[in-house]
Amino acid sequence: MRILESFLLLSLIGFLICFFTQYLKIKKWLLYTSVIFFVLHWVVEGVRWQMYFGYTTLLISLLLYYTPNIRKVVRVLLGGLGLIITIISIVLCILMPVIEFPEPSGTFSVGLESLYLEDKTREETLSKEKGDYRKLKINAYYPSDLGITNPIRYMGHGYAEAFVESKGMPSIIATHFDLTKTHTQKSLPIIKNKQLPVVVLSHGLLWNSEMYTSIIEEIVSQGYVVFAIHHTYESFLTEYQGKQIKWSQKNIDKMNTEVDFGFVKKKMDLALNTKDEQGNKAAYELIHYLPYFESLDRWSDDISFVIDQLILLNEDSNSFLYQKLNMDQVGLLGHSWGGAAVVQNASVNKMIKGVINMDGAQFGRVIDTTLKTPLLVMHADRNYDKFFTPNFYVYDQVAKNDYYLATIKSTGHANFGDLGYWSKIHSLTETGEIDPERMSYITNQLILTFFNKYVKQQPLEIKRTFTGKEYPEIEIIKN
């Protein structure tokens, strides 16, 4: 809870307790104090929906104090109601806090510019408009020497509300997100006289790039440029030159239409329980059966297109990226669906020096390729004897360079991003019990160590680093 809202709620509880006693002066000053804290809270911190019950208690308190002739039974009921709903406000504030992201530990501040790219070689198959081409918004996060004075708000402009709506929940749950200040500022000057390593980020299906703020800010503070793609119609909400574009429900439904889930379960069980050629065949057949090729091909093509455009922007004297990018140092980072997409791209794109998949199931055509790019896979904490993922089968078959698998204890699928900060109700966010700040630290250290080794070509020992006492949550295997 924030300081002023804590003092407000505590002073209201004190007033209601004293209301039924003879301490008239204390009662009066507690009420006045509550009013002062409310004004300060409103002006300094900003109101949020979790406090609505507390605001109601303030109205009840004013009513009780200034209308002493109310019948005693009504006074008792109102006072009891005020205590109950104030406690409810306290619980809601704790369970759904105003997010505070860790301060980035690197040397640089984080600047942000948006790029709007259109691929004239690809028609947009998910749009209702005929003759529409594939359009992408890219958030370009870059290091700056100038300090932050006007940080952007987290998930503003209706993005947070749109995300919870995509999960079938009321939008009011996320209306407090714009109270969170990030460590990023728009249009800061990019650092001078230095070419920067590049990371291209691909988000999860029905997520967007802003939901990885805790990761992006740390990477950029260490001197990388992060180009975060919004995969149009498969992000829950994106924006293209002022026009907001929601996800395509038709496309999401298409990926699950006419799927024989009985057949899927049979193949999964066979792949899990048969550790021989028959199990491998079942996994192979399942990968080719599921209708995920079209979407993953589209995302991989998005990544290739963005990289091609970065090469052009790096040579364009009118671009703020002019001669700022080291296109010989390019890494890919993805989560969930985006994790599968970046590995698929790395299997065919020789420019990629290292690729990281954060808990993405490797469906799609990677199984029929050879992956020569170094690979780091992060897995959530599951019982993989009972939980099927194609990753073990696929990567054992195709990875021909260094391949690391890191399982992080007490994590869920959504811990590889910002959702761990959103709420302490883990079932609401599909996160594990791990502390979100600790998760950010572990994830960022894994990412930076891997990219420093393979993108920047620094002599680092990844497995030895993360199997020490400093990282008891990590189980890492190198193949």
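In this predicted model, strand S10 is joined to strand S11 (residues 403-408) by 5 bridges, and the two strands run parallel. Within this pairing, valine 377 stands opposite leucine 405 of S11. Strand S9 (residues 352-358) also runs parallel to S10, to which it is joined by 4 bridges. Here asparagine 357 stands opposite valine 377 of S10. The two pairings are set out below.

| Strand paired with S10 | Bridges | Residues standing opposite each other |
|---|---|---|
| S9 (residues 352-358) | 4 bridges, parallel | Asparagine 357 and valine 377 |
| S11 (residues 403-408) | 5 bridges, parallel | Valine 377 and leucine 405 |

S10, helix H12 (residues 391-398) and S11 together make a right-handed β-α-β unit.

How many of the residues of strand S10 (residues 375-379) are buried? The count is 5 of its 5 residues, and the strand is mostly covered. Both faces of S10 are covered: one side carries Leu375, Val377 and His379, while the other carries Leu376 and Met378, and all are buried.

The structure contains 1 cavity of 30 Å³ or more. The largest cavity holds about 50 Å³ of space. Its lining consists of Ser214, Ile215, Asn415, Phe416, Gly417, Gly420, Tyr421, Pro436, Met439, Ser440 and Thr443. Helix H6 (213-221), helix H13 (419-422) and helix H15 (436-454) are the elements that each give two or more residues to this lining. The largest share, 4 residues, comes from H15. By residue class, the lining of the largest cavity has 5 nonpolar residues, 6 polar residues and no charged residues.

Notes:
Residues numbered from 1 in each chain as written. Predicted model: local features only at pLDDT ≥ 70, side-chain atom pairs only at ≥ 80, totals over all residues. Heavy atoms only, no water. 1 Å grid on protein atoms, 1.4 Å probe; cavity = no way out; pocket = protein on both sides within 12 Å on 5 of 7 lines; lining within 4 Å. Points joined across faces, edges and corners; volume = space filled by probe spheres on them. Nonpolar A, V, L, I, M, F, W, Y, C, P; charged D, E, K, R; others polar. Buried < 20%, exposed > 50% of the residue type's maximum accessible area, 1.4 Å probe, protein only. Pairing = 2+ DSSP bridges. Right-handed = clockwise from strand over helix to strand, strands pointing away.
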